[in-house]
Amino acid sequence: MDSALQLFLDRFGPSSEAESEWLKSFFTFICHHLCPGTCDPAPSAGDQPSPGPSQLSGYQLSVRVLQIIKDKACVSHSLPVSYRLVSVSELLSQQHLACVSNLSWSTNQQREWAKEAELSGAGHRALPRVNLLLIGWLREGRGGEWKLADSSGSVRCELVSPSPLWLDRPVFLPHWNYIPHDASGQQEESGLVELIGAPVLLCAEAELGLAAGGGAEPVGAVVVSKAAGFLKNRVKGQRVSVYGQVESVCPLLVVAGSTFFFFTLKDDTHTLPVLVKDSRLCWAQCVCVGQSVCVTALRVCVLRGWKGNSVLCVTERSQLHTQYTHPDGAQPGTHTPADSAPSPSLLGNNEEVEPEEDPTQSAVMMKHSRVISYQGTVTEVVNEGAGLYVIDRTVGLCVAYQPSARRRLRAGDQVELHHVHFLYRPCADLPPSMLCCCLSSSLRVTTFSRLEGCPPPSRCPGDGVLPWLLAQNSTGPDQYLWVCHLTSQLSKSLAPGLLKQQCVCLLSWKLMETLWRRRGWGQRDIYSEMLDKPHSCPLTQYRVDPALPEYISISDLLQALQSNVWSLKSLLPPKGSGLTRTQINSALSWSCRTLSSDPQTGDSLRPRPLLLVGVLQLPSLTSEFSQTLQLRDATGAVCCVVTETSKEDTGRQTASFNTAWIGCLVCVRQFTMVTERALQSDFPSYQHLDEDKFITFRSYRVYVQFSLDHLLILSPSVGMVTHLRSTGGPPGGDVGKQTEEEPTDKKRREDPNPSSSSVTMATGPEGGASQPCVTVVIRVEQKEGVAWKNTGKELTEKKVGLQLCFSVRAAVIGPVVSWERDPKNKPMMEREVGPEKEKVILVFSGVCSRWFPLLQPGTFYRLVAANTQDPSVLIGCRVSGRSGVELHTEATLQVRSDWRLHTLTRLLQDPTCTQVEPPPVLSVSQVLDCSSELVCVQGQVCERVAVSSRTAESGSSHTGVRLTMCDQTGQRLQVYLDLRHAPYPPGLLPGNTLLLSGVQRKMSRSGGVYCSFLPVSCISVMSLGDSRCAPPPPVPKMHLAQWAGTDQHKCNMAQVKGHVACFLFLQLQWSCSQCGSVYSQVCRSQCGSSCSQFESRAKVVIEDGTGEAHVCFSGGPLQTLLGLADSQWEGLQRAVRVRGHVRIFPQGRSLVCDGDSDDFLHHFLFCVCSSDVMCRPIALTCRRLTNQRPEEVRRFTRGDREFMTRLPRPLQLTCVHLEPD
């Protein structure tokens, strides 16, 4: 050993102590790690390497390696002492960062390389350089992988175009990348060496073999067309050698524990499949599409399960000769890979082959993919676990339909794809041009990435779950790509706060299956997919649906709704510039914008239908609305106005009452987004809307409203599972069931494979489920509204002593029952029903007030007091009275914060439970006719107006609401809501049906009926308005005499058909926007304002044969009455602007006017008002004035006598809408 080392040092003559030490370490490393036990350290005679590599001594190997290093190094006059040899075990254990090593680089060359790499990969850094040298033996690993081995261990090795002759040869790697196991794109147990370029073989024999074209010349090789004849006439023991051009290379497959792959050879007329398995699996990296090869010692075998039956299969004696050229010079074909690579213009062409239309939906197109080849660079890793990438920044790549490769693609890899499917717009959320690989596609990395890996931003926590589900179900590419995008979105909005990370993929898949409602491709025939001509696979046909649902997180939804809230001009009608000052500020005082989740049903936020996913919860203490449920995900929460279908009442809509929905993870498929705006302003005119100084207060509220019928249960709560079991229905679209009897963690341990049963909520069941408790069953009879009350508890600086409170009057159905654990909403038991019934007042305050949205009159609930066995806690206390005094009070029970309420939907066949009288609810017509003071009225909101009352002392403004409600008869009722001491109730929108409980019926001084809100009044949204539904019922039709003789409160709005008798007066005026004075060119009051608006009023006499009425017209209805076009109306306004004010009284045929009666404008208006065309039949909707006197005293003179008599005043009406002629 020492003599060999000294001989080695003498040969290379170190010039310094550093070089001497480096040579000693170099020689010692070669002897210990490369050839221990197989090579003799002493040099052989003649100092020449022997033909076999195993016979090389340590000295010979050291000399050869060092000569190669000096040849490859950038500096040849000295030894590269900055580099050191590293063993495989040291590389795996010590190198934790990705790196690159290149012996031939100079410093400037390395900087240029890094700069070029970083420019090509946006946002990525180049691999850092290390001065390490790798030397070892190339071996074959398990499953056809290549390994670099020395005496210390082995590491997996990836090569671009290896040769089979490299196996079992000692090699030196001058240029390589190392990717540790924890770097991006690699999830293996050990690291990975990427060999850039060809290795340097350390034995001359191998180099001579490669120079000769791959070993010994095969004898008797035949072309593909001739070899195809052997498949038909199989001879036992026959072996054949075939040469041809590689047409396709299929990926490695593992079936029933056997690993194999196919590649296809072709010539001008025939194609021939070759099956490779066992010890020849390493050929998978050696065979490339377009390469001319020769394979020897093939046998004919029968492939069961494929209709083609016979294929050629490799044997133990088979050899692969790459870059093969036949001795007679004949080539099997002239095809090259570059010939099939498409240009970028091909990918931009959206003209697909044979587009078909789905018969179920006219907008859905069924298209066929195109099989192409492509070369490009991976620029983005979209979702590594799902097999999604982006090539050349514009083209998407999906490799999920192939088995997962050992080496994942990294940003910067240059790839070559053959027989890949090109799809155009299969998913609107991904790049329009998509390339998808099937089992017949070939994906080869031609150049390894120069960039460091980084975790993809949208990486799914459950890597590999989506491809596993795809292999089990085999869905189409449009469905799979949609699921991948949904998974990346849900992983941000649900995990880890609401859902366990491993469940997001399963959740997305289950949601896709429910929404699509169609089966996938079915069981894939792998042999037919790889070998059949013509080709057929799940990627052959796909669907393009422009109405594909789009998921939106709650934070994105709120941000989109809150944007552009205060565009004031958009809140006014189209002709808002002609409104007066009062009309502008009144229209802006309250406004509402409703958007539908589906663009086909109304105005929408996005061009595609939207989906919301979240957990239904009770309102939190910080919630803006305390009277509604809320939908929450990890990004935020939104308040929800919720209704549901009552099963007991013929399926009609009612307010939400079932507590089983609390804690359910749901998908909302149809909903309405609402933005309410409140504004206190004093804008002088339309031109001043951009000036904020005229605004004194403004606020807005955002919420959604939907029906529980439009929800899809993704993960039910424990109460929902019990409810569905008791009703006999399946748990809908639940993705996983979590019951208290079988915890989720136990299920996951028993079932290691991903399945739908493992998707559960991260929060788990409600606390206290396994602790003792006492319960009592109640039936809610009456509910008061939520209000701020001074309870003296939980004082805060914001609202000193005020808490949200409400009370419920309920009937106690039975005695207090003890339980070992919370029964939740299990069916009612006989021991919970008792003979004696009593009433109790339940008081909810503070945190307990969040139960308000789910407590509805007529519904049974189980009240649960946790962590106690004392039945007295659920027994209400009574007011003590003096002896001899009879008290008519009811027991009161203060609900505690840790108590729970569960809705009971499955009741006993007991008279107490079955014979329940619903609370009396009146319609609008019944309220108008009844005499009760406190009423419960239900009707549809047809108009909503914001009202304000200012106190003289403080000057503060208290905003209320005036609702106009109607029923099916068209009758109208106005309800005034005073919200000074109550939180704002959402859902008071035109089109919604409301139930107002405990409102006070009042009579106005003029005889009209209206209702007023009391502190005990309660508002419930019973059903939601839909733009597809019919409009509110029309107002009733009335004759004038009938209307005049009807009580004021019976009808205040009606439709009238009559004839115009005459005009009483017509007034046209331009008024100053600032002070209201007459405006003619300038304001006559000299206020200095330059803004004005046009005002028009007229009163006409209408008769219908039964009576007459005086009807006032203004604005648009007056223009329609005069029969003037828009251009004529604008010309009339310009003519009046010169004078500022025009008023005429066409009394019969005589003209009375203000100003010069000979003026042309007065004559024009007189002719219009008195023309025969004006006296025509009209149909209009009118509102009756409420401050008119029923009679008037008139004085008549006959001769020298005067008479005084009482005459009924004509009916005074205001036109709301005039039907055009």
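Buried, in this talk, means under 20% relative accessible area, exposed means over 50%, and partly exposed is in between, with a 1.4 Å probe and protein chains only. Trp22 is buried by that rule, and Phe26 is buried as well.

Some ground rules next. This is a predicted model, where local features need pLDDT of at least 70 and side-chain atom pairs count only at pLDDT 80 or more, while totals for chains, interfaces and linings use all residues. Residues are numbered from 1 along each chain as its sequence is written, and side-chain values use heavy atoms, with hydrogens and water left out.

Now the whole chain. The protein chain has 1221 residues, and 52% of them count as buried. Its secondary structure comes to 22 helices and 60 strands; these are DSSP runs numbered from the N terminus, helices being H or I with at least four residues and strands E with at least two. Take contacts, meaning heavy atoms within 4.5 Å: among those with a separation of 6 or more, 69% join residues 24 or more positions apart.

Back to the aromatic rings. A pair of aromatic rings is described by the distance of the centres and the angle of the planes. Rings of Phe, Tyr and Trp (its six-membered ring) pair if their centres lie within 6.5 Å; planes under 30 degrees apart count as stacked, over 60 as edge-to-face and the rest as tilted. The whole structure holds 20 aromatic pairs. One of them is Phe8 with Phe26, stacked, at 6.3 Å centre to centre and 5° between the planes. Phe8 sits in helix H1 (residues 2-12) and Phe26 in helix H2 (residues 17-34), so this pair ties together parts 18 residues apart in sequence. Phe8 and Phe26 are both buried. Trp22 and Phe26 are stacked too, because their ring centres are 5.3 Å apart and their planes are at 25°. Both of these residues belong to helix H2, four residues apart, or about one turn of the helix. Together, Phe8, Phe12, Trp22, Phe26 and Phe27 make up one aromatic cluster.

Next, Gln95. It is in the loop between helix H4 (88-94) and strand S2 (99-102). Is Gln95 buried or exposed? Gln95 has a relative accessible area of 17%, so it counts as buried. Setting aside neighbours within four places in sequence, its contacts are Glu90, Val130, Leu132, Tyr178 and Pro180. Tyr178 is 83 residues away along the chain, yet the C-alpha atoms of Gln95 and Tyr178 are separated by 8.6 Å.

A few backbone details follow. The peptide bond from Lys533 to Pro534 is cis, with omega near 0°. Pro534 is in the loop between helix H12 (526-531) and strand S25 (541-544). Asp278 is not a glycine, but has a positive phi of about 55°; Asp278 lies in the loop between strand S13 (271-277) and strand S14 (292-302). Gln323, another residue other than glycine, has a positive phi near 50°. Its place is the loop between strand S16 (320-321) and helix H8 (344-347). With 58% relative accessibility, Gln323 counts as exposed.

Last, helix H20 (residues 1115-1122). Its buried residues include Pro1117, Leu1118 and Gln1119, along with Leu1121 and Leu1122. Just after H20 comes Gly1123, with a positive phi of about 70°.
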